[in-house]
Structures are given as structure tokens and as C-alpha cells.
Amino acid sequence: MKPSVIAIFASGSGSNAENIIAYSRAGADSGLEVALVVCNRPDARVIERAGRLGVPVEVLTRAEINDPAVMLPMLDACGVDAIVLAGFLLMVPDFLLARYPGRIINIHPSLLPKFGGKGMYGRHIHEAVVAAGETETGITIHHVSSECDGGAIIFQATVAVAPGATADDVETSIHALERTHYPRVLAATLSRR
Ligand code: GRF
């Protein structure tokens, strides 16, 4: 299996990024190779996590991320053939969608189309799920398009929301689902035989 060489785009804590890096190194045939992490927030914890694991990190401004003259040579120099979003809070610019058709993937911590769209990220989602009295929630792994949370769905997994569960409880069970499924689904979708 030819591994997919990925760039992980992240803005926050980076637990998914760390998990994907660990998975990529767990076996010779993991199907994934993480070339670099791109981060738009200089204070994001993902920078320390990736650095500790020896993965190069590029901290870029929004303007740089939206600039093809910055991004394309950087990604080409690392041989990147796919982009994986893991808690990345900016929209992916059109020139990247055009350069990597079908090869930009995101994970969203709800069962899209529920609890998706602008402003629906992180804790806001889990709080909304609890406030709506949902009895189940889950994760959605999907292709990225120019519409926020709107690309074709690749995979969903569900988890029950127990009566009385808090947003913290929901977040914990969502992270467990993400850990179990995201790297595996990425490898299956992106690696080439
Ligand atoms: C995850 O819940 C992911 O689904 C969402 O943002 C969160 C990022 O968490 N897109 P982390 O930075 O990977 O810890």
C-alpha cells in the first residue's frame, strides 16, 4: 500500500492530530505519513504536541493560508497529496480545493447535517446537543467543500447521550469515537494501492 502523505491543519488542542500521527507510525503499512502540521494560532496546544513528536509545524496567518504563493510550494516541497482537518477553524481556500480534489477531509463532532454550519464548533456543538435533548450524537467524517460542513459524508458513528449528561460528558464520548475511527477512515480513504 502506498501511504498518503498528509498535512494536518489544526487550530486547537490537537488530540486528533496527535492520534493520527501515532497511528501513522504504528505499523509500516498504516497507509498514512504525516509530513507537517499547519496551524493558524500561535498559542494552540497542537504546536507543542506535534513538536514533541518530531513533526514539522508551520504557524501561518490567515492571510498566508489564503495565499497560493505561500501554500502550494510549501505543500509540494513536502510531497503532500492530501489535507486532513483536525479542529481547523478557518475555511479551506478554493485554490486548495482545486489542487486536492476529493483529498481534503474533515471531522465534525456531530451527526451532520445536525449541529453543523457557521458557529458550530467545539463546545458550542456539545452544549447545543444537550440543550436540544438529543438522545444520541456522534461524529461525521466528510469531504471538504466550499460550503461550511457541507461536503459529501464518508463515515458516521453514533453514541448515546445519557439522561442528565453534560456537554463535558458528550465531549468525552465524542473524543473517544474520534480516536477510534478518524485515523482508520483516513487511511482507508486516502491511501493508494
Ligand atoms: C474535535 O472534536 C473535532 O471533531 C472538531 O474539533 C475538535 C478538535 O479537537 N473538528 P482536537 O484539537 O483534535 O483535540
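For sorting the residues of this structure, Ala, Val, Leu, Ile, Met, Phe, Trp, Tyr, Cys and Pro count as nonpolar, Asp, Glu, Lys and Arg as charged, and the others, Gly among them, as polar. By this scheme, the lining of the largest pocket in the predicted model comprises 16 nonpolar, 19 polar and eight charged residues. The lining has 43 residues in total, and G87, F88, L89, Y121 and G122 are the ones that lie nearest the centre of the pocket. Two or more lining residues come from each of α1, β5 (104–108), α6 (122–131), β6 (136–143) and α7. The space inside this pocket amounts to about 1000 Å³.

It is here, in the largest pocket, that the ligand sits. The shell around the ligand is made up of S13, G14, S15, N16, G87, I107, P109, H175 and E178. Sorted in the same way, these shell residues are two nonpolar, six polar and one charged. Helices α1 (15–26) and α7 (167–190) each contribute at least two residues to the shell.

At G14, a backbone N or O atom is 2.7 Å from a ligand oxygen atom, and at N16 a backbone N or O atom lies 2.9 Å from an oxygen atom of the ligand. On the nitrogen side, a polar backbone atom of I107 is found 3.0 Å from a nitrogen atom of the ligand.

Terms used: Residues numbered from 1 in each chain as written. Predicted model: local features only at pLDDT ≥ 70, side-chain atom pairs only at ≥ 80, totals over all residues. Heavy atoms only, no water. Near = heavy atom within 4 Å. Polar contact = N/O pair within 3.5 Å; in protein donor to acceptor, adjacent residues only side chain to side chain. 1 Å grid on protein atoms, 1.4 Å probe; cavity = no way out; pocket = protein on both sides within 12 Å on 5 of 7 lines; lining within 4 Å. Sits in = over half its atoms within 2 Å of the grid points. Helix = DSSP H or I, 4+ residues; strand = E, 2+ residues; numbered from the N terminus. Points joined across faces, edges and corners; volume = space filled by probe spheres on them.
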